[in-house]
Amino acid sequence: HIPVILGAVLLGPMAGGILGGVFGICSMISNTIAPVPASICFSPFLAVSMGGAFSAVKALWVSVGCRILIGVVVGWLWIALKKLRANDLVALPIAGFVGSMTNTVTVMGSIFLMFRAEYAAANNKAVSAVFDFIMVTVTGAGVMEALVALVLVTAIGKALLRVNRVGTLPA
């Protein structure tokens, strides 16, 4: 999701949403071609066998819709931060952290709301244990991933913004 976040910062919410959609389509394809137990939540082709056409639509939301939101949320957040005159060294880490958490919270939240029973079965868990399992993922891996995104988006984004600003100066 780092390229989606950076794309949204540099190019805005529309381009960020498109990049998020490409990320989501890639996720859907990889979960279809090389499935793991949770792939039923990300591949409409696998989900349809579990619960019909509606399950396929839900999987499309998890794999693509949630990823589109990363770019849209970060793009609008960046616009808001710039209107508030936030310095890049303040705005970039916020964008990185929020973008990463948007991914984690929307994907894991959608899995909990829409695929709880299927996710439990795929991971050999009781349905009642899915909330705890998802919260461990969100607070453990999700927060760590967001901190890494904070650092990477700040470092890479600062360099890209510098190049972008130099490239737009009049000759």
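**Exercise 1.** Describe how helix H4 passes H5, beginning with the hand of the crossing.

*Solution.* H4 passes H5 in a right-handed crossing, a term used if the near helix is turned clockwise from the far one by less than a right angle. This is a predicted model, in which local features need pLDDT of at least 70, side-chain atom pairs count only at pLDDT 80 or more, and totals for chains, interfaces and linings use all residues. Residues are numbered from 1 along each chain as its sequence is written, and side-chain values use heavy atoms, with hydrogens and water left out. Next, H4 (residues 53-83) and H5 (residues 88-122) pack at an angle of about 160°, with their axes 9 Å apart. H4 and H5 are therefore roughly antiparallel to each other, the term for angles over 145 degrees. Finally, the contact of H4 with H5 has 20 nonpolar, six polar and five charged residues.

**Exercise 2.** Work out which residues of H1 meet H2.

*Solution.* Begin with the axes of H1 (residues 2-11) and H2 (residues 13-33), which come within 7 Å and cross at roughly 160°. In H1, Pro3, Val4, Gly7, Ala8 and Leu11 meet Pro13, Ala15, Gly16, Leu19, Gly20 and Phe23 in H2, where contact means heavy atoms within 4.5 Å. These residues divide into eight nonpolar, three polar and no charged.

**Exercise 3.** Find which residues valine 107 is in contact with, leaving aside its neighbours within four places in sequence.

*Solution.* With those neighbours set aside, valine 107 is in contact with Phe42, Val62, Cys66 and Arg67.

Key: Axes fitted to C-alpha atoms, helices over the stretch in contact; angles between N-to-C directions. Helix = DSSP H or I, 4+ residues; strand = E, 2+ residues; numbered from the N terminus. Nonpolar A, V, L, I, M, F, W, Y, C, P; charged D, E, K, R; others polar. Parallel < 35°, antiparallel > 145°, perpendicular 65-115°, else oblique.
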